[in-house]
Amino acid sequence: MVKLNKIYTRTGDDGTTGLGTGARRLKSDLRVDAYGTVDEANACIGMARQHTMVAHPAIDAMLGRIQNDLFDLGADLAVPDDGKPLDYEPLRIVASQVDRLEKDIDLLNKDLQPLKSFVLNGGSPAAAALHLARTVTRRAERVMIALAQDPAEIVGSEAIKYVNRLSDFLFVAARTVNDNGKTDVLWVPGKNR
């Protein structure tokens, strides 16, 4: 159980922050950037939900589950697997979370109009917000992949799969709220030459 009694501690005034292990890292550290970008994606999803909660309740419920999963992902990233024993079991993204995203993607994708071009980020306000969340999620994925390239850092394979699937889900969800793709705004190559 998380308990936050005091919001400011002054411990970060030196430009560092504490990981879940207690270790301190610079706030510019790639691991901190990874879970910070996941948090940013979560905030974007929260904004998207302002447009889905009434008009698209099934998608809104999916997004609510995803927001909780993103806190799990942040916790996963905030407790690096450095081989040192911990006095608790760290929270990790698991295969069932990835599987649920895939099922949700398949459910939404079955009714979509086939794509004939790339989709521009937009359409309805809900779709625009979901596309923004998708692009921030892609950035989180890039940071996680960069972190995983460091031999001294471990990023779980399920965490990487989850964030990759999440951007796919957000793309499909954006098309779904655009009247199942009928009101997608499509890219027209060279249109403005």
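**A walk through a predicted helical model**

E141 is found in helix α4, where a helix is a DSSP run of H or I with at least four residues, a strand is a run of E with at least two, and both are numbered from the N terminus. This is a predicted model, in which local features need pLDDT of at least 70 and side-chain atom pairs count only at pLDDT 80 or more, while totals for chains, interfaces and linings use all residues. Residues are numbered from 1 along each chain as its sequence is written, and side-chain values use heavy atoms, with hydrogens and water left out.

E141 counts as buried because its relative accessibility is 13%. Buried means under 20% relative accessible area, exposed means over 50%, and partly exposed lies in between (1.4 Å probe, protein chains only). Leaving out residues up to four places away in sequence, E141 touches V163, N164 and S167; contact means heavy atoms within 4.5 Å.

The largest nonpolar core has 44 residues, and I66, L73, M144 and F169 touch the most other members. The elements that give two or more residues to this core are α1, α2 (57-78), α3, α4 (125-148) and α5 (157-177). Such a core is a set of buried Ala, Val, Leu, Ile, Met, Phe, Trp, Tyr and Cys residues joined through side-chain atoms within 4.5 Å. With residues up to four places away not counted, M144 touches A34, V38, L73, L77, V155, A159, I160 and V163.

T52 belongs to helix α1 (residues 30-52). T52 has 0% relative accessibility and therefore counts as buried. Apart from neighbours within four places in sequence, T52 is in contact with P57, I59, D60, L63 and A126.

Helix α5 has 21 residues and reaches 30 Å from its first C-alpha to its last, close to the expected 30 Å. That expected span is 1.5 Å times one less than the number of residues.

Just after α5, D179 takes a positive phi of about 50°. Most residues other than glycine have a negative phi. D179 is not a glycine, and it is found in the loop between α5 and β4 (185-186). At 42% relative accessibility, D179 counts as partly exposed. N180, in the loop between α5 and β4, has a positive phi of about 55° although it is not a glycine. N180 counts as partly exposed because its relative accessibility is 22%.

What about F118? F118 is found in the loop between α3 (95-109) and β3 (119-120), and its 61% relative accessibility is why F118 counts as exposed.
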